[in-house]
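User: I'd like to go through this model and ask what stands behind each label. Please set every value against its definition.

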Amino acid sequence: MLATGSSDPRLREEAWSALVHAYWKPVYKYVRVVWKAEEDDARDLTQGFFTLALEAGFLHDYDPARARSRTYRRLRLQRWLSNEPKAAQRQKRGGGYRTVDLDFAGAEREIAAAGHTSGIDADEFFRRETIRALISSAVDELRRQCAASGKTAQFAVFERYDLHGGETERPTYRVVADELGLPVTQVTNYLAWARRELRRIVLDQLFAMTGTDAEFRAEALELFGVEP
Amino acid sequence: MTWIDDDAVRHLRAVIDQPDLSDTRYVLLDTLGRGGMGTVYLARDTALDREVALKVLSLPDPDDGLARRMRAEASILARLEHPGIVPVHDAGRLPDGRVFYVMKRVRGRRLDQLDTAAMSIADLVRLARRICDPIAFAHAHRIIHRDLKPANVMIGDFGEVLVLDWGVAKVSREAQQEVERGSMGEGTPPAGQTVAGDAIGTPGWMAPEQRAGGAADADERTDVYGIAAILFFLLCGGPPPDSDDAIRGALEQRGPPLHRRLRAIVGKGLSADAAGRYASITDLASDLDRFLDGEPVAAHRDTPLERAVAWLAKYRTAVILVLTYIVLRVIFILATAD
């Protein structure tokens, strides 16, 4: 996040792209679900938020010693949303903002699938969606790398076991092994490999988005199970 | 982007941080706790068929600084063979690249989890006194713990007192050279340097010089403060306040009241000015021993009345016997005077 304020235009652009890629969905969902904006307004507000993050640099004054970066981002977003309607009235929808091609329809499907109800804790919602976005992005990258390197069996095991949703009970290693025609030991090995790779990808993505070791560690510490 | 529901996210967060123990002799059983830089897991050593505690670096480590620190901690523990310090069995890197070390699994309770309500003042002082031994042993090897607090002291099931978490210990140049002559050289910190980075210690338990950022200047008196802080916790139930006056006030207001000598010992150990503290752990331990034996302590100059009362209390039986003898003798003399 600090890197979005870098004096090096290339580094700043890369940090911004990584930031948008990782956080646009939590921001959009927050605007839609917590802020209760209409779909079109939420798209503009999301694009506007990240445009200002780059142009006005309002995310790079983050101080890891003073707050969690997620909390900082959410408060920045909250402040932006509180002030934005005045500016929005002066602009045509979509005008004045740098637009990025984002899958808003996919985000809408996820909002519908999650079935959010009223009485949501704003900070907890943002935290949960931020972590989900990071992990989802890393899973996509793992899938891409597995396909490129011919490790589709490894990803299949990982997908069947670790990405299993909560609607039914997680299958046993034996069930996964039988389904995929593998020995159980192979399932164990493939899972260990996939988790190791996923951890590496998540950390690489976090590293790309953070400006200091302190920020990087704080983000990772929170991601890997230290509950707020 | 792949949609992952809450259950799968929770599961992934848990499993992707678990150490990859494939190709090792260890099998993961449970998580025992998380520290500042590492997570401690319960594992089974399949070669020896026993449970062990396995500490793994859990934070990302782009510059390898934390890995150096953890290897240094393992080296320190391996070097300090003392009944009050948990022995290390193994150390290395996991297939996922993270540094780990394996230590004895200690069953017991941390001092901050101990129910001290039913313990006498003397028992609490004895407990603090026993922490002095492993720390004095470390100091003899020119190693300063620097993070002494109740959560870093374990009372084992057999009553043994163990000092844990040497991850921010300071190693002197001489100790460093000795370690390098041994077999653990790879993991030791650079000569003459502190093991850790800038943030040394735990807020609430740091000595004033640590709070002021002078971690590299920490010496034996920093650990004197740490043990005195633990004794304060045992007596008063919380970390010591920041100023000498507030510490004195808290000790005086404690109920049931504490002996002046004990208040003086704690006050001296917690002196904001390191020069006002005991010069060594041995000095602190000696004063605690003297207090437990009912003798005058170095931290407090007794008044003549206090000395007399203490003397009478110490030799109470002998004094009673002598007085009884004198009274009987007088009665005998008076009775036989006729």
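Analyst: Let's start with a pair of helices. Helix 5 of chain A and helix 8 of chain A make a right-handed crossing. Right-handed means that the near helix is turned clockwise from the far one by less than a right angle, and left-handed means anticlockwise. The model is predicted, so local features need pLDDT of at least 70 and side-chain atom pairs count only at pLDDT 80 or more, while totals for chains, interfaces and linings use all residues. Residues are numbered from 1 along each chain as its sequence is written, and chains are lettered from A and ligands numbered from 1 in the order in which they are written.

User: What makes helix 5 of chain A oblique to helix 8 of chain A?

Analyst: The angle decides. Helix 5 (residues 122–148) and helix 8 (residues 184–209) of chain A pack at about 120°, and their axes are 9 Å apart. That angle makes helix 5 of chain A oblique to helix 8 of chain A. The cut-offs are under 35 degrees for roughly parallel, over 145 for roughly antiparallel, 65 to 115 for roughly perpendicular, and oblique for the rest. Axes are lines fitted to C-alpha atoms, for helices over the stretch in contact, and angles run from 0 to 180 degrees between N-to-C directions.

User: Which residues in helix 5 of chain A and helix 8 of chain A meet?

Analyst: From helix 5 of chain A they include Leu134(A), Ser137(A), Glu141(A) and Leu142(A). From helix 8 of chain A they include Ala194(A), Leu198(A), Ile201(A) and Gln205(A). Contact means that C-beta atoms, placed from the backbone, lie within 7 Å. The residues of this contact divide into 9 nonpolar, 2 polar and 2 charged. Here Ala, Val, Leu, Ile, Met, Phe, Trp, Tyr, Cys and Pro count as nonpolar, Asp, Glu, Lys and Arg as charged, and the others, Gly among them, as polar.

User: How many helices and strands are in chain A?

Analyst: Chain A has 9 helices and 0 strands. Helices are DSSP runs (H or I) of at least four residues, strands are runs (E) of at least two, and both are numbered from the N terminus. Of the 228 residues in chain A, 39% are buried.

User: Why is helix 8 of chain B called largely enclosed?

Analyst: Count its residues. In helix 8 (residues 260–269) of chain B, 9 of the 10 residues are buried, so the rest of the structure largely encloses it. Buried means 20 or more other C-beta atoms within 10 Å, exposed means 12 or fewer, and partly exposed is in between, with C-beta atoms placed from the backbone. The buried residues pack against helix 3 (121–140), helix 6 (220–236), helix 7 (244–253) and helix 9 (281–292) of chain B.

User: Why does Arg260(B) count as partly exposed?

Analyst: Arg260(B) sits in helix 8 of chain B. It counts as partly exposed because it has 16 C-beta neighbours inside 10 Å.

User: What is the span of helix 3 of chain B, and what is expected?

Analyst: Helix 3 of chain B has 20 residues and reaches 29 Å from first C-alpha to last, close to the expected 28 Å. The expected span is 1.5 Å times one less than the number of residues. After helix 3 of chain B comes Arg142(B), with a positive phi near 60°.

User: What is the phi of Arg146(B)?

Analyst: Phi of Arg146(B) is near 70°, a positive value in a residue other than glycine. Most residues other than glycine have a negative phi, and most peptide bonds are trans. Arg146(B) lies in the loop between strand 7 and strand 8 of chain B. With 25 other C-beta atoms within 10 Å, Arg146(B) is buried. Asp165(B) also has a positive phi, about 55°, without being a glycine. It is buried, with 23 other C-beta atoms within 10 Å.

User: Which residues does a cis peptide bond join?

Analyst: Gly255(B) and Pro256(B), with omega about -5°. Pro256(B) lies in the loop between helix 7 and helix 8 of chain B.

Notes: Contact = placed C-beta atoms within 7 Å.
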